[in-house]
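Hi everyone, thanks for coming.

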Amino acid sequence: VIWPATTFIMLLLANSCTSGLVASTWVVMSPFFLEALCCWPIASLLHPWEDPAELVDSFARIRFDPDTFNDEIYATNCTLCLSDFAASQEIVLAPCTGRHVFHEGCLAGWLRTAQ
């Protein structure tokens, strides 16, 4: 987001720009400005979470059961930290079509860094 704005400002401030160069800059940079003006405010309305890890609170919780955590129904370990699941841990089920399960803390941390 910074490079389009910087490029545009530098071109406007340059005294030697031809009118064709300024016009082509408007054409090339306009999608970035439209995104900044339109899409970001809309996205913040659709996804009002300040902390993306808050999404984890809405995911289903699963109790650890060695019969279901056997790599046939659910994985035996968290795919983020690769540690095996245990009964004392919070295990969350991701809301996608697969049966992806994670430690609650691992998924929350990943969502924060992957945003």
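Let's begin with burial: 21% of the 115 residues in this chain are buried, where buried means under 20% relative accessible area, exposed means over 50%, and partly exposed is in between, using a 1.4 Å probe and protein chains only. Please keep in mind that this is a predicted model, where local features need pLDDT of at least 70 and side-chain atom pairs count only at pLDDT 80 or more, while totals for chains, interfaces and linings use all residues. Residues are numbered from 1 along each chain as its sequence is written, and side-chain values use heavy atoms, with hydrogens and water left out.

Now the layout. The chain has three helices and three strands, and from the N terminus they come in the order α-α-β-β-β-α. These are DSSP runs numbered from the N terminus, helices being H or I with at least four residues and strands E with at least two.

How are the strands arranged? They form an open sheet in the order β1-β2-β3, with antiparallel pairing; two strands pair if DSSP finds at least two bridges between them. At the edges sit β1 (60-62) and β3, each pairing on one side only. Across β1, β2 and β3 lies α3, running at about 90° to β3. That angle is taken between N-to-C directions on a scale from 0 to 180 degrees, with axes fitted to C-alpha atoms, for helices over the stretch in contact.

On to the inside. The largest nonpolar core has 16 residues, and among those touching the most other members are V56, F69, V92 and F102. Such a core is a set of buried Ala, Val, Leu, Ile, Met, Phe, Trp, Tyr and Cys residues joined through side-chain atoms within 4.5 Å. The largest share of this core, three residues, comes from α3. F85 touches F64, I91 and H103, among others, not counting residues up to four places away in sequence; contact here means heavy atoms within 4.5 Å.

Finally, the cysteines. How many disulfides are there? The count is zero, taking a disulfide as a pair of cysteine sulfur atoms within 2.5 Å.
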